[in-house]
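Here is a short briefing on one protein chain and its two ligands. Please keep the sequence and the 3D view open while you read.

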Amino acid sequence: MRTQVVIIGGGPSGLLLSQLLHVRGIANVVLERKTRDYVLGRIRAGVLERGLLDLMREAGVAERMRREGLAHDGTLIAHEGGTFHIDFKALTGHSVMVYGQTEVTRDLYDAREKANGQIEFEVEHVEIHDADTDAPHVTFHRSGTEHRIDCDYVAGCDGFHGVSRQTIPLSVRREYEKTYPFGWLGILSETPPVDDELIYANSQRGFALCSMRNANLSRYYIQCALSDKPEDWTDAAFWQELLRRLPDEVSERLVTGPSIEKSIAPLRSFVTEPMRWGRLFLCGDAAHIVPPTGAKGLNTAASDVHYLYNGLRQFYEEGDSEGIDRYSERALARVWKAERFSWWFSSLLHRYPDQNPFDLRMQRAELEFLRTNRAAQQAMAENYVGLPY
Ligand code: APR
Ligand code: PHB
């Protein structure tokens with residue numbers, strides 16, 4: 001088998017790249033180790049930056065998002081018993097779209113299947129060969145049979161635990177990592193969201209977030225110990241803790257109900273450099289991870305896809321390799337800004353076990369500065385709606 005681009009990973013990064021390349025007539029094959037239903041069963045954040053909306057429109061998959069997505073012009077920050085508003089629209093001229101990542105992935109799968117896109121599911125033992133030559137190829141097994149695909153380029157969109165990053169020699173890779181001393185316990189409940197906008201809460205008991213998927217599907221998170229397990233938390237215990245972390249005027253109107261999903265996610269900041277090695281390009285979680293606080297995971301994967309898609313388009317349509325040659329440099333420049341914002345926003349809102357009284361006063365001062373200073377709010381808003389590509 002031969003194609004122009006092999007894409008390893010059928011998550012949002014791989015599917016968005018595949019659909020964009022298809023629209024430009026660039027042949028590609030997606031290799032996914034799980035089933036479509038398994039991939040769609042993952043619960044992930046759902047705040048989309050304007051850049052991702054533009055890419056979805058260019059890929060021809062924005063119609064359902066336009067109908068069902070919720071445009072948010074701002075967000076609320078809660079601390080010391082009250083809330084204040086960050087007005088994205090007034091400060092930046094832009095909004096964000098609340099639309100579950102699962103729905104983005106579903107729309108992309110539907111589009112790939114409608115276009116008869118080649119997606120190989122349940123593949124095993126994927127290996128990238130000769131990525132540092134002009135003739136790379138990829139092998140994989142399925143049902144005990146080995147398959148080979150010769151290609152021009154390989155896009156490693158296989159997430160943090162994939163094979164692509166590991167293909168780049170340790171002598172070439174530089175990795176940067178920060179782990180956080182807490183996790184996020186999240187639930188989904190078929191209840192009306194407590195507010196029209198998201199509420200990020202800093203409380204003495206720890207971080208909390210009030211989010212949503214639609215008018216009758218709410219998503220809530222509370223900071224929890226790394227040692228916690230979902231089964232340690234009954235619904236009643238979760239709701240009680242969440243309500244204690246929110247201002248009274250929010251708690252009083254919060255509608256509780258049975259959880260239909262409950263999970264704990266650890267928090268990590270991670271970047272690997274470079275994001276290119278020969279004919280292999282890393283994209284999305286394969287190259288970087290952010291704590292979910294700033295909802296930058298999917299959105300930073302999208303900016304990688306933007307740079308890689310346009311670099312490949314430039315090469316195939318114009319014979320110009322400038323875009324692919326500068327892919328790693330351009331993608332990383334934006335990745336590090338997303339890492340910084342996610343780290344800053346996490347440090348603003350969480351309780352850290354090693355915080356001393358001075359640290360806590362610094363956190364309070366940072367929140368007060370954000371509450372009272374337009375320039376601080378504008379900086380936060382510009383990062384949240386998405387820095388330009
Ligand atoms: N071979 C084939 N597929 C693989 C392999 C492999 N060796 N390893 C992983 N995969 C698949 C996974 O099953 C998954 O479907 O690659 C896909 C990677 O998808 P994600 O982990 O979702 O990463 P990405 O597409 O970059 O999306 C980034 O999704 O998971 C969130 O937090 C993440 O918001 C971020 C966004
Ligand atoms: C979510 O809805 O899951 C969500 C929203 C915003 C975040 C993180 C998660 O910052």
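In which loop does Pro274 lie? Pro274 sits in the loop between β17 (259-273) and β18 (276-277). This is a predicted model.

**Overall fold**

- The chain has 389 residues and a radius of gyration of 21 Å, which agrees with the value near 21 Å for a compact globule of that length.
- The C-alpha trace spans about 60 × 40 × 40 Å along its principal axes.
- Of the 389 residues, 57% count as buried.

**A β-hairpin**

- Strands β10 (residues 137-142) and β11 (residues 145-150) run antiparallel and are joined by six bridges.
- His141 has Glu146 in β11 as its bridge partner.
- Two residues separate β10 and β11 in this hairpin.
- Ser143, in the turn, has a positive phi of about 50°.

**Backbone points to check**

- The peptide bond between Glu273 and Pro274 is cis, with omega at about -10°.
- Asn116 is a residue other than glycine, yet its phi is positive, near 55°.
- Asn116 belongs to the loop between α6 (101-114) and β8 (118-120).
- Asn116 counts as exposed because its relative accessibility is 70%, and the cut-off for exposed is over 50%.
- Ala295 also has a positive phi, near 55°.
- The loop between β20 (288-289) and α10 (297-318) contains Ala295.
- Ala295 counts as buried because its relative accessibility is 10%, and buried means under 20%.

**Ligand 1 site**

- Ligand 1 is surrounded by 23 residues.
- The closest of them are Ser13, Glu32, Arg42, Arg44 and Gln101.
- The side chain of Gln101 places an N or O atom 2.8 Å from an oxygen atom of ligand 1.
- A polar backbone atom of Arg33 lies 3.2 Å from a nitrogen atom of ligand 1.
- A polar backbone atom of Pro12 lies 3.3 Å from an oxygen atom of ligand 1.
- On its own, ligand 1 has 700 Å² of accessible area, and the protein covers 89% of this.

**Ligand 2 site**

- Around ligand 2 there are 14 residues.
- Tyr200, Ser211, Arg213, Tyr221 and Thr293 come nearest to ligand 2.
- Tyr200 has a polar side-chain atom 2.8 Å from an oxygen atom of ligand 2.
- Thr293 uses the backbone: one of its polar backbone atoms is 2.7 Å from an oxygen atom of ligand 2.
- Ala295, the residue with a positive phi, has a polar backbone atom 3.5 Å from an oxygen atom of ligand 2.
- Taken alone, ligand 2 exposes 280 Å², of which the protein buries 99%.
- β15 (206-214) and β16 (217-224) are the elements that give two or more residues to this shell.
- β15 gives the largest share, three residues.
- The shell around ligand 2 divides into nine nonpolar, three polar and two charged residues.

Key. Residues numbered from 1 in each chain as written. Chains lettered and ligands numbered in written order. Predicted model: local features only at pLDDT ≥ 70, side-chain atom pairs only at ≥ 80, totals over all residues. Heavy atoms only, no water. Near = heavy atom within 4 Å. Polar contact = N/O pair within 3.5 Å; in protein donor to acceptor, adjacent residues only side chain to side chain. Areas by Shrake-Rupley, 256 points an atom, 1.4 Å probe, with all protein chains shown as cover. Helix = DSSP H or I, 4+ residues; strand = E, 2+ residues; numbered from the N terminus. Nonpolar A, V, L, I, M, F, W, Y, C, P; charged D, E, K, R; others polar. Pairing = 2+ DSSP bridges. Rg over C-alpha atoms; globule rule 2.2 N^0.38 Å. Buried < 20%, exposed > 50% of the residue type's maximum accessible area, 1.4 Å probe, protein only.
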